[in-house]
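Visitor: Please walk me through this assembly, chain by chain and contact by contact.

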Number of protein chains: 4
Amino acid sequence: MADISLHAERLTDPAHDAYQEPIYDVAQLGHVEILTPRLQDTADFFTRVYGLYTVEETADSLYLRAWNDDVLTSLKITAASEPGPGHVAWRCTSPQALERRVAALEAKGVQGQWTDGDIGHGPAYEYRGPGGHLQEIYFETDKYVAPAGQKPYLPNQPQKYNPHGVAAAHLDHINLLVPDVTAASAFAQESLGFKLRERLIPAGSDDEVGAWLSLMTKAHDLALTQEPYPTEGRLHHLAYAVESREDVLRAADIFMENNVPIDFGPAKHSRTQGFFLYVIEPGGNRVEVFSGGIHIYSPDFETVTWDTETGGRSTAWGLATPPSFKEYATPVYEAP
Amino acid sequence: MADISLHAERLTDPAHDAYQEPIYDVAQLGHVEILTPRLQDTADFFTRVYGLYTVEETADSLYLRAWNDDVLTSLKITAASEPGPGHVAWRCTSPQALERRVAALEAKGVQGQWTDGDIGHGPAYEYRGPGGHLQEIYFETDKYVAPAGQKPYLPNQPQKYNPHGVAAAHLDHINLLVPDVTAASAFAQESLGFKLRERLIPAGSDDEVGAWLSLMTKAHDLALTQEPYPTEGRLHHLAYAVESREDVLRAADIFMENNVPIDFGPAKHSRTQGFFLYVIEPGGNRVEVFSGGIHIYSPDFETVTWDTETGGRSTAWGLATPPSFKEYATPVYEAP
Amino acid sequence: MADISLHAERLTDPAHDAYQEPIYDVAQLGHVEILTPRLQDTADFFTRVYGLYTVEETADSLYLRAWNDDVLTSLKITAASEPGPGHVAWRCTSPQALERRVAALEAKGVQGQWTDGDIGHGPAYEYRGPGGHLQEIYFETDKYVAPAGQKPYLPNQPQKYNPHGVAAAHLDHINLLVPDVTAASAFAQESLGFKLRERLIPAGSDDEVGAWLSLMTKAHDLALTQEPYPTEGRLHHLAYAVESREDVLRAADIFMENNVPIDFGPAKHSRTQGFFLYVIEPGGNRVEVFSGGIHIYSPDFETVTWDTETGGRSTAWGLATPPSFKEYATPVYEAP
Amino acid sequence: MADISLHAERLTDPAHDAYQEPIYDVAQLGHVEILTPRLQDTADFFTRVYGLYTVEETADSLYLRAWNDDVLTSLKITAASEPGPGHVAWRCTSPQALERRVAALEAKGVQGQWTDGDIGHGPAYEYRGPGGHLQEIYFETDKYVAPAGQKPYLPNQPQKYNPHGVAAAHLDHINLLVPDVTAASAFAQESLGFKLRERLIPAGSDDEVGAWLSLMTKAHDLALTQEPYPTEGRLHHLAYAVESREDVLRAADIFMENNVPIDFGPAKHSRTQGFFLYVIEPGGNRVEVFSGGIHIYSPDFETVTWDTETGGRSTAWGLATPPSFKEYATPVYEAP
C-alpha cells in the first residue's frame, strides 16, 4: 500500500482570503489576421490544401473559416509587402469581462483604442502588447449559420464535414516572438488572465526562452518564444487543430503531394504534448497542423519549468529541433 | 462570394449590462465514489483491466487513480450491499468560489453539511441534489507526487506512462439518472454554473429526457438522463477518458480477452460526438471508456436541442441504442 | 520456463512426398463488374462519396479505379434492370498459371469460353462457378500510368493521393451468396488454389454457412455465404480497403453527411479480424469499407472452424449482426 | 473522359512461353537469431519493453515469441562477445519447395549443410549468403498452442492479446548490410525467389545502395543496404510489426519512459511507405517497430528504381536520415 504522505502534496494555500482567484474573462483565440505578399497563393494554400473555406472577400483581404469553427471567420489574410502577423484577437466571455480586461490593460499603461469591428465581429479594443504585436479584445461575434448544402448531419456541428485537403478543423493557438518572454508572459497573465502552464529556462541561464499560456483548460492558446534578433512584432506560427494524430499524418502526405515542404514534424511536442506538423505557406508564414495536447483541469496547477533539453526533451521523442525553427519567423529579419 | 447576411448571426445581447455572465467557479469532476457488492472483483477490474492504480486502502474502501490524473485519487470504491453511486464530488476553482457555490446552493434551499474531507481532499460541503444523489463541492486537493519508479519522462505529466490493460487516462464525466431532467439541469446550472450544451426532447413530447452539461469547455462533465422507474439516486455510468479512438478500439479487444462483456459500442455519440465503449464492471456498475468529444470555446454557445432520433441520430452513425442502455442502472431497480 | 511440449505442435506431415503443395497461380481479385438500375446515381456514389475515379465510359458502363489500385481499372458499373454482380475477375500470376487454372477448371467439368478481354485487361476465360456467378480468369492487364497532375510524390504509388470523400484505396475482396458453401468452397480451392482460412458451422448443425478464402496471405479475397433463398448468383458485398481503422471511422462520418445510410458497422469482424463498415449504394448493392484483417504467412495454417456465435463472436466485440445483413443481397429476392 | 492509351500500359510479355514465372517457394521470414553481449538486459528489453514472451531458455539462449506470431518462436537471443546477427531463417512453403530451394542454392555454388533443427523447427539447410550472413531455409515448424491463461477470445489468433509494453505483434522483416547490393539482391531473387520491389541508385552513380525484396505480397521481408566499411556479415536492423501507426506512436512514448533512446523516427519511409521507429536494444542491435507498408498484389509489378533523395524523399515527409542510421550496425566496425 502506497504511503500517501510520500506521494501526494496539498498545494493550496490555507489562507483562503488571500487566495488569488484565476481569471476566466477571455474565452478563446477568436481570430487572427496574417499578412502575405502573395495573396492569391496564400489563399490557394489555405483553401485548397489546408482545407479552409472563404466566407468573404474585400479589396485586400479574404476572410476564411474552418469547417468546425463555430464563428463565421477565424482567419483574415491581407495583402502586404511582407509576410507576418496582422493582428491577434482574443474573445472575452461577456461584455462585462471585456470591460474588465480593457480596464486591466489600461491599468498596466496600455493606450489602446476602440474600433467598430470587422466582418465577423463587433467593437474591439485594439492595442500593442509588450512584444510589439497588434492585438485586440472583443466580445460580439458573428456565428456561422450553415446555408443549404453546408448543413451538418449532426446539429451540434457548425458545418457539414465534407473534407478536402488537410481539413483543418478549428483555430487553435498562436506563437509570437517577443524580446522578453518573462515580461510578455507576465503581461498576458496580469492583463488578460492567461495561465502560465509551462516555461523553458535552460539550465545555467536566467533567460526564459519560451512560455506556454492558456485561457481555459488547453495546454496553450498562446506561446511566447524569445526573439533571437533585434526586432519585434514577428509571428512564429499559427495553428489550427485536427481531431487525431492520424489526421496530422494524413496532412503530411497531402502537403508532400502538393509540393508544400515540411518545416518540422510530424512529431510530438514535449511542451503541451501536442502532435505537430509545420509547413511554410506560399506567402512565407509558418503554419501548424496540431492535434491533442494536454488539458489542465486543475485550477491550481503548478507551472512546469523545463530547465533542460537533455535526454531528447526538445521534442517528446528526441527529434532535434531544426535551426530554422528557432530562427525563421515573419516578417523575415534582415540585418541592417 | 458568400453573402454573410445569410450565413452568420450575431447572437449576443446588445444590452450589455443585463448580460448574464457565465460562472466559472467549478473546475472539474474531482472524484467519484461508487459502491460495489464485490469489492475485490471490482478492484481487480479497475486495476488490472481498466488500468488504474491503487493509492490507498481502508477497511471498506480502495482509493484509485489513473496515470494521467493530476490529483492523488479520482475514484473511491466502497463495499456495500448493492452497486450504485456513493458520492459525486465537484472541485471548485478557488476557496472563494467554493464559498460562493455553497451560498448559491443554500439560496436554492439546499441543506448540506461540511465534512472534514477524505483521503485526497480537504473540507467538503455535502448535499443531495434534486435527483437524490449525494454530491459534494470542495477545493483543497492532494496532488499526486510520483515516487521513484513512477517519475514520468516528461515533467508535464503526473505519472510514468507504463500502460497495462485499457490504461484509462483520467476521470472524465458522470451520467446520473434523475426523475426530472429539466429541474435537475436547471439546478446544476443555477447552483454550480454548469452550461447546458445539449438536450433531448423527443418530437411531440414536452419531456426532456437527457441533458448534457459542462463546467469549462468540454462537451460534458455531467449528463442527466431521465429515470424510467419510480426511484431515485441511480448511476447510469462513470467515464474515464483515453487519448484516441484507437485507444477505445484497443480497449474493446482487452475487455473481450478478459471476459468483460461489452454493453454498447465502440461507436460515436451523436450528443457530444465522443467515441464511446460501455461495459459493466463485476460489481454491476456501468463504466465507459471515452475519447474525444467536442470542446465548446465560444462563451455564448447556444444549447442544441435534439428533437428527433430519426435518421439514425441516437448515435452518430445510426447504431441503435440497446434497450438495456435505457433501463439498466445501479442500484438495479426491482419493482415492489 | 514454459514446457514447449505442451505449448507447441508440429503440424507438418513427415511424409514429404505426399505433401500437398499450396497453389499460387492466382494473384488477386483483379476487378469486379456490378450492375445497377441507377447508373448515374451509382457512379456519383462511387466517385464523389466513395472516392474512386472514372477512367473510361462506354454506352452502358463506367470503368473506375481507386487511387491506390495499380491496375487501370478495378470496377466496372453497368446499367441493368436490377442490381447485382456482373462478373468477378481473378488475375493469374503468369500466362502459364492461367493455362493451368483453365485446365483445372475444365477438369472439374467447367465449360467456359475465352473472351478477347475488355478495357483494362486482355483475354479472359469466362465461366460460371457452382454458385451461379459469372467469373473469369485472365493475366494480361493494363497498369495505370499517371498523367500530368496525377503523378504521385512517391514513385512507389500509382497515383497522387489527393483524397476526396472516403478515398477508398484499392479493391480488396468480394462476398458471394451460394446455395452450398462447402461445395463452392471446395471448388474454389481445387480449381483456383484458394486457401480456406476460416469457416462457420453452427454447433449442432452440419451446415457450413460461411467460408473465408484467400489467394496469397490475406485473411480473405473471397467470402462465401449461404444463400437463404431458393435462388443463385447473388452478391452479398464488394469491398475496397483503406489504410487504417481511423479511415473507416472517417468514412462513417462522410457517409452520414452524404445521406448514405449505414447498414452495419463500423466494428471489428471476428472472422478475418478486419474493421468494417457497410453501406448500400444508390443502385442497391452493398459496399464495404474495410481495413486491416490478419495476414497468414504460414504456408501450413490450419483452417479455423467456428462452431459458435456465442459470447458475442458474430463480431469481435459482441455487436449483433442485423437481420438485413443475413438476408439482403442483390438482386433482391422476391418470392414467386 | 480520360484517354486510356495515355494513362495505361500493358506490361506483360505476349510471348507467354518465355514468361518467367514468379517463384512462391519461400513463405516468410521464419525466425531470427541475434547475438548480444548483455543477454539479461537484451532479454529484459525484448520481454518487458518490446512486449515479447519467453518460450524456452537454454544455457546461452532465450527463445522468444510475439503474441501474434503463429509459430512457437520467432526470435532467439544468444550470449556472445559482440552484438550482431546470429542467423536468419526463411521458411519454405512445402517440403518440396524446400528441396527445390536447396537445389537452387547449390546450383549457385553454395556449399551449405543440413542441421537437425532447433527449438521451434525441424531440419534446416544452413549456408552463408553473398554478404557473409549465416542463413537457413527449412519447412517443419512448431506452431504455438496457447496454454490455459493464454487462450485468445477469438480462435483465429494464436495467443490472448494482453498487451504489455510495445506489444510487438509479429516478426516482419530484416535489413542486412552487404558489400555488393546488386549481387546480394540477384542472389536472393535467383536462389530463393525474392521479388525486387524497390532499389536506390543515387543519380550520377552506378552503385545500388539499397534493395527491398519480398517473398509474397509485402513491400519487403528483406532489405539489403550497402555496407560502408570493409567488413561483412553485419545486421542493420530487425523489425516486428504492430497493427497501426498509433501503435508506433505509443511505442515511442513507452521507449522514452523506459530510457530506450530513439535512433530514428517515428516517421514514414519513402521506400515501402511503412511507418517506422528505430531504437538500439541494450545489447547494441538496432530494432524497429514497423507498421503498414504497401502490399503488392500484382504479379507483374515493376521494380521501382529511386534515383534521387531530393525533394525530401529519403523519408516520405522529408525528415533527414541521421548519419548514425547509415553507419551504425552490429557488430560495430572498428578500423584496424
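## Chains and their contacts

Guide: This is a predicted model, in which local features need pLDDT of at least 70, side-chain atom pairs count only at pLDDT 80 or more, and totals for chains, interfaces and linings use all residues. Residues are numbered from 1 along each chain as its sequence is written, chains are lettered from A and ligands numbered from 1 in the order written, and side-chain values use heavy atoms, without hydrogens and water.

Visitor: How many salt bridges are there between chain D and chain C?

Guide: A salt bridge here is a side-chain nitrogen of Lys or Arg within 4 Å of a carboxyl oxygen of Asp or Glu. C:Asp300 makes one with D:Arg91, with the closest N and O atoms 2.7 Å apart. The count between chain D and chain C is seven.

Visitor: What area do chain D and chain C bury between them?

Guide: Buried area is the accessible area (1.4 Å probe) that two parts lose on being put together, summed over both. Contact means heavy atoms within 4.5 Å, and it takes 76 residues from chain D and 77 residues from chain C. In chain D, D:Arg10, D:Asn156 and D:Tyr297 lose the most area to chain C, together 11% of what that side buries. Carbon and sulfur atoms give 54% of the total, which is about 6,500 Å².

Visitor: Which residue of E1(D) stands opposite C:Asp142?

Guide: Strands (E, at least two residues) and helices (H or I, at least four) are DSSP runs, numbered from the N terminus. Two strands pair if DSSP finds at least two bridges between them. Strand E10 (residues 142-144) of chain C pairs with E1(D) in the antiparallel sense, over three bridges. Opposite C:Asp142 stands D:Arg10.

Visitor: What area is buried between chain D and chain A?

Guide: This contact takes 16 residues from chain D and 16 residues from chain A. Carbon and sulfur atoms give 56% of the buried area, which is about 1,300 Å². D:Arg245, D:Leu249 and D:Trp317 supply 44% of what chain D buries against chain A, more than any other three residues.

Visitor: Which element gives the most to the side of chain D that touches chain A?

Guide: Six residue pairs are in polar contact between chain D and chain A, both at pLDDT 80 or more. Helix H5 (245-257) and strand E16 (262-268) of chain D each supply at least two residues to that side. With seven residues, the most comes from H5(D).

Visitor: How many salt bridges are there between chain D and chain A?

Guide: A:Arg245 and D:Glu246 meet in one of them, at 3.1 Å, N to O. The count between chain D and chain A is four.

Visitor: What is the radius of gyration of chain A?

Guide: Chain A has six helices and 19 strands. Its C-alpha trace spans about 60 × 55 × 45 Å along the principal axes. The radius of gyration is taken over C-alpha atoms, and the globule rule is 2.2 Å times the number of residues to the power 0.38. For 336 residues a compact globule would be near 20 Å, which agrees with the value for chain A, 20 Å.

Notes: A polar contact is a pair of N or O atoms within 3.5 Å; within protein, one must be able to donate a hydrogen and the other to accept it, and residues adjacent in sequence count only if both atoms are side-chain atoms.
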